[in-house]
Amino acid sequence: MIAPPKVLEDPALHQKIWFYLTTRSETNDVQFAFAVGTIAVLLAAVAWRTLQAHRRETTDPATPSKWLAWGNRAVSAALLIAALCSATQYFYGSRNNKTWLHRWDLYHQVIGAKYFSELGYFRIYECTWEIDADHSRHFRKVPKMRDIESLKIRPTEEVVGERDCAELFDDDARREQFAKDIDDIHELGGKGMWNKLFTDKGFNGTPFHAWILSRLTANVDIVWDELIWLGLLDVFLMTVAFGFVAWAWDVKTAAIAVLFFCANFPNRYIHMGGSILRFDYIAMLIIALALMKKDRFGIAGVCVAWATAERMFPAVFAVGLGFKAGVELLATRKLRREYLYFGLGFVGGLLVLFSLSLTLADSVGAGVDNWLDWWSNMKVHTKHTRGFRVGFKHMFMMDGNVTDKHRFMGWAKKTSMLESRAHFYYLTLLVLFAPLVLAVRKLDAVTFAALFCAAGFFTLTIATRYYYSVMVLFILVDRKLFEDRKQMLLAALLCLTAAWLTKLSTVTASVPFHYNTASSAAFAGFFVILGALLWIDPWLRDRLVVGPRAVVAPEPEPAPEPEPAPAPD
């Protein structure tokens, strides 16, 4: 008897949901849906606040506080669930090659940091190839390699030149360990990536980043199960950071921040997820804002020092707060204790971290040389933009075809065009920053530092796409998000950039267009609108919350002096 054919049952609802949250091919659709959903929630909250204000002005029907409390809990719970689902898709569903390890970046981080004292910033590729040529010969067929000092890609034998890498190692045991580590990295997989990997730009972390990685990887075997825990450090740090947001603000603000962070197109986890400490700088900046909101400025300064030592550009956070402290000092002749604590934490933290980075070298002078080499490397590394970089400066480099390779203007030509228009760039920068600078005394320290850091990073640098996680700082101002319509509208606008860029990536294939043009234009539009709001209202507060005008209470008039008693006769 022939068995009846099996009927394929439709998967249950929870199975469908799990599929969408854990499948990389669904990342764009899922994060687009979360971004649109977040916009809808924020706009509904704006409408609700407006309706409540109108009703109070007309009939003043008090909504029972019990219903408001239950409604607040329901919204918080819904946003928290949405944030957890979005984070699941971000940190799990969109993993690189469905693994917790980013093998490409791990090679640069593990080898570049562990053997930093021998390889420095410029010899990682040639020494990997040369030492391997005397052992396992994994890379004998690699045809070309990048000369990191000049960034030119040339034939491998030409870049390697005289084979002197063995002389860089103090002893045979260290050199043999290097060869073994290369074998172990190769065994992790990704065999087809090596031809392209050797044309990357080497290890570019600061000496402090190299110091941290060298300590983390010193006694860790280069095997899958050991490295996974290091790859998960960033997930842990971001969980802690958003936990700080919930502590300092509330669950709803933390959920909105998570939803934007995960949907923000340039910040996709696939780029750097599974690397080691690629998100620590943004975690530290978020934690610093939360600590400042809770009046713990000294520890916040240490957190910003860590972020600065790791990536350097977060120094703009300290510059912004220092500018505000300086303006208030000139106006009042007093330095607030909070700013002093922050400054001491920041400067003291930097000195300690800088001193630790010097231990990578045999002497203080050699340690300082490491920082100078890093600076020289960065100058060459960032001289020209690339297809995966974002920044306001791209608005002045939109010559040629920006949507396709045909008649696309080269990177060096784009740089020369920007240099010829530098005066227009700086003039525009002045106009855009003027509202923020003029509002320095009206904005609180948390709000000004968050806005100045994110805006300064976007306008002053041309950075690789994944560093635009800093855009989440625009949400972390010192306001109750769901009680301030301006902040809700600005948060909705940020989520709109995420939704638009995500959808755009599904209909166009040009990487430079995604990042150089579309992402830069989207963030520029947000900053222009923010600047316009600051021109109109430098306090950047909802009048529904603070009243129609922010009036400073007049000082009380001194009591009249009593009339002198009449003199006795």
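Rings of Phe, Tyr and Trp (its six-membered ring) form an aromatic pair if their centres lie within 6.5 Å; planes under 30 degrees apart count as stacked, over 60 as edge-to-face and the rest as tilted. By that rule the structure holds 51 aromatic pairs. This is a predicted model, in which local features need pLDDT of at least 70 and side-chain atom pairs count only at pLDDT 80 or more, while totals for chains, interfaces and linings use all residues. Residues are numbered from 1 along each chain as its sequence is written, and side-chain values use heavy atoms, with hydrogens and water left out.

**Aromatic rings**
- Y125 and F198 make an edge-to-face pair, with 5.6 Å from centre to centre and 80 degrees between the planes.
- Y125 belongs to helix α6 (residues 124-133) and F198 to the loop between α9 (194-197) and α10 (207-217), so their pair ties together parts 73 residues apart in sequence.
- Helices (H or I, at least four residues) and strands (E, at least two) are DSSP runs, numbered from the N terminus.
- Y125 is buried at a relative accessible area of 1%, and F198 is buried at 0%.
- Buried means under 20% relative accessible area, exposed over 50%, and partly exposed in between (1.4 Å probe, protein chains only).
- One aromatic cluster is formed by Y281, F313, F392, F396, Y425, Y426, F457, F458, Y466, Y467, Y468 and F523.

**Charges over rings**
- R73 lies over the face of W70, 5.0 Å from the ring centre, and R95 lies over the face of Y92 at 4.0 Å.
- A charge sits over a ring if NZ of Lys or CZ of Arg is within 6 Å of the ring centre and within 35 degrees of the ring normal.

**Helix α15**
- Helix α15 covers residues 280-293, 14 residues in number, and reaches 20 Å from its first C-alpha to its last, close to the 20 Å expected at 1.5 Å a residue.
- The expected span is 1.5 Å times one less than the number of residues.
- Of the 14 residues of α15, 13 are buried.
- D295, which follows α15, has a positive phi near 65 degrees.

**Residue D373**
- D373 is found in helix α19 (residues 364-381) and is partly exposed, at 33% relative accessibility.
- Leaving aside neighbours within four places in sequence, D373 is in contact (heavy atoms within 4.5 Å) with Y121 and F122.

**Strands β1 and β2**
- β1 (residues 144-147) and β2 (residues 152-155) pair in the antiparallel sense over 4 bridges; strands pair if DSSP finds at least two bridges between them.
- K144 stands opposite P155 in β2.
- The hairpin has 4 residues between the strands, and L151 there takes a positive phi near 65 degrees.
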